[in-house]
Amino acid sequence: MKNIVRLSIIDNLSRNLKEGPEFIQVILGPRQVGKTTSILNFLENEYKGTYVFASADSLFNASTTWLKEKWQEARLGQSLLVIDEIQKIENWSEVVKSLWDEDKRKKSPILCVLLGSSSLELQRGLTESLTGRFQLIQAFHWNFHESQAGYGLSFEEYLKYGGYPGSYSIRKSETWVSYLKQSIVETVIEKDILLNHSVKSPALFKQAFEIVISYPAQEISYTKLLGQLQDKGNTDLIKHYIKLYEGALLIKALEKFSTNKIKVRSSSPKILPLCPAFYYLNILAEYSPIEKGRVFELIVGAQLVRLGLDLYYWREGSNEVDYVIKRGRKIWAIEVKSGRKKSSKGLEAFKSNFPSSIGVIITFENYLDFEKDPMTFLEKL
């Protein structure tokens, strides 16, 4: 049975709104992870003031006139304005900029929250028009705690189906595969990426995603990835594809940690699908011990992504460290152990290269403590 899960975006939004209308609040995250549902629940059950909620998704042709009307409605009532699917309004960022700046000049800005399902389109509008005017609140794929609290997933189920709450109720049926492929992956590729970015071969681009997610938490060269595509090209092509998938919040490509910036930029990426469901979609069978270990390493990485800090991997010869987190002068070297035989010589080698670093080992036994609050977990070491 579904329970209402309080996502971190609500705590962040509530805190920011209490500080007043200093910035536009922008909620950015993957499709189908509960952004709109969480906001509506917050407005109906927690928010004490008046509000205007409107979604451009319900309009056949969302226009800038409609957006201006909703803004004026919020102005007159001194209400919080929440616009969902903002990216569906043509030239939305320029209009919001104009209205916001006008209110600022009059010293009467309103509280404003913008949401959208197309992360790439939102990001482009923010960088092109709204620089310095917004606070970004990041939504994420659901982690194990959220999935268990909301839908009762076991840890073993989460390693297969985890990430998209809308798929959980059908996880044991044959429709789960079609839902993930059609409602999530194909929708993101077609609507969020291909509508907004020029890709020479859409079929090749889609094939690249299937290849990329088949290497969870693994370092792989651009040349090897390119070699698996059924087309000729150069490594710039696969780099471009990976950047687009990153922008759509489907994967994270980690660079190798080094104090030499040139080595960082030229390193092979470590591919991190941002939820385990993507990898399981390629397998649809019981994980082997090696596959399960990779998925466990993947979900640890996805939790580290939530911190918003510089995240890398490290390798030198046969020595490697799964993740490296940098926060100011502090460096954590993180090794993920899943029961497979794996020595700690990578951590030892890293420590010899970076003596002030802090070594961390995450296992099935301490994962829940880590997931609850990754930064606190690391700071205690």
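These legends walk through several close-up views of a predicted model. Residues are numbered from 1 along each chain as its sequence is written, and side-chain values use heavy atoms, with hydrogens and water left out. In this predicted model, local features need pLDDT of at least 70 and side-chain atom pairs count only at pLDDT 80 or more, while totals for chains, interfaces and linings use all residues.

Helix α2 spans residues 35-45, and its buried residues are Lys35, Ser38, Ile39, Phe42 and Leu43. They lie on the same side of α2 because they cover an arc of only 130 degrees around the axis; the arc is that of the directions from the helix axis to the C-beta atoms. Turned away from that buried side is a face with the exposed residues Thr37, Glu44 and Asn45. Here, buried means under 20% relative accessible area, exposed over 50%, and partly exposed in between, with a 1.4 Å probe and protein chains only. Helices (H or I, at least four residues) and strands (E, at least two) are DSSP runs, numbered from the N terminus. The buried residues of α2 pack against α1 (8-18), β1 (24-28), β2 (51-55), β3 (80-84) and β4 (112-115), where contact means heavy atoms within 4.5 Å.

**View B. Strand β1, one of the packing partners of α2.**
Of the 5 residues in β1, 5 are buried. On one side these are Ile24, Val26 and Leu28, and on the other Gln25 and Ile27, so both faces of the strand are covered. β1 runs parallel to strand β5 (residues 134-138), joined by 5 bridges, with Ile24 opposite Phe134. β1 also pairs with β4 in the parallel sense, over 3 bridges, and Val26 has Leu114 of β4 as its bridge partner. Two strands pair if DSSP finds at least two bridges between them.

**View C. The open sheet of 7 strands.**
Follow the strands in the order β6-β8-β7-β9-β10-β11-β12; their pairing is mixed. At the edges stand β6 (218-219) and β12 (358-362), each with a single partner strand, so one side of each is left without a neighbour in the sheet. Strands of a sheet pair through backbone hydrogen bonds, either parallel or antiparallel. Strand β7 (residues 251-256) pairs with β8 (residues 270-273) in the antiparallel sense over 4 bridges, and Lys252 stands opposite Leu272 in β8. β7 and β9 run parallel, joined by 2 bridges, with Tyr313 in β9 as the bridge partner of Lys256.

Helix α11 (residues 235-247) lies across β7 and β8, running at about 125 degrees to β7. Helix α14 (residues 289-305) also packs on the sheet, touching β6, β7, β8, β9 (310-316), β10 (319-327), β11 (330-336) and β12. The direction of α14 makes about 15 degrees with that of β10. For these angles, axes are lines fitted to C-alpha atoms, for helices over the stretch in contact, and angles run from 0 to 180 degrees between N-to-C directions.

**View E. Two of the 28 aromatic pairs.**
Phe205 and Tyr245 are stacked, at 4.4 Å centre to centre with 10 degrees between the planes. The pair links distant parts of the chain, with Phe205 in helix α9 (residues 202-212) and Tyr245 in α11, 40 residues apart. Phe205 counts as buried at 0% relative accessibility, and Tyr245 is buried with a relative accessible area of 0%. Trp314 and Phe350 are edge-to-face, at 5.3 Å centre to centre with 85 degrees between the planes. Trp314 belongs to strand β9 and Phe350 to helix α15 (residues 345-353), 36 residues apart; both are buried. Rings of Phe, Tyr and Trp (its six-membered ring) pair if their centres lie within 6.5 Å; planes under 30 degrees apart count as stacked, over 60 as edge-to-face and the rest as tilted.

**View F. The surroundings of helix α9.**
Phe205 is one of the buried residues of α9, along with Leu204, Gln207, Ala208, Phe209, Ile211 and Val212. The buried residues of α9 pack against α8 (175-194), α10 (222-228), α11, β7, β8 and α13 (276-283).
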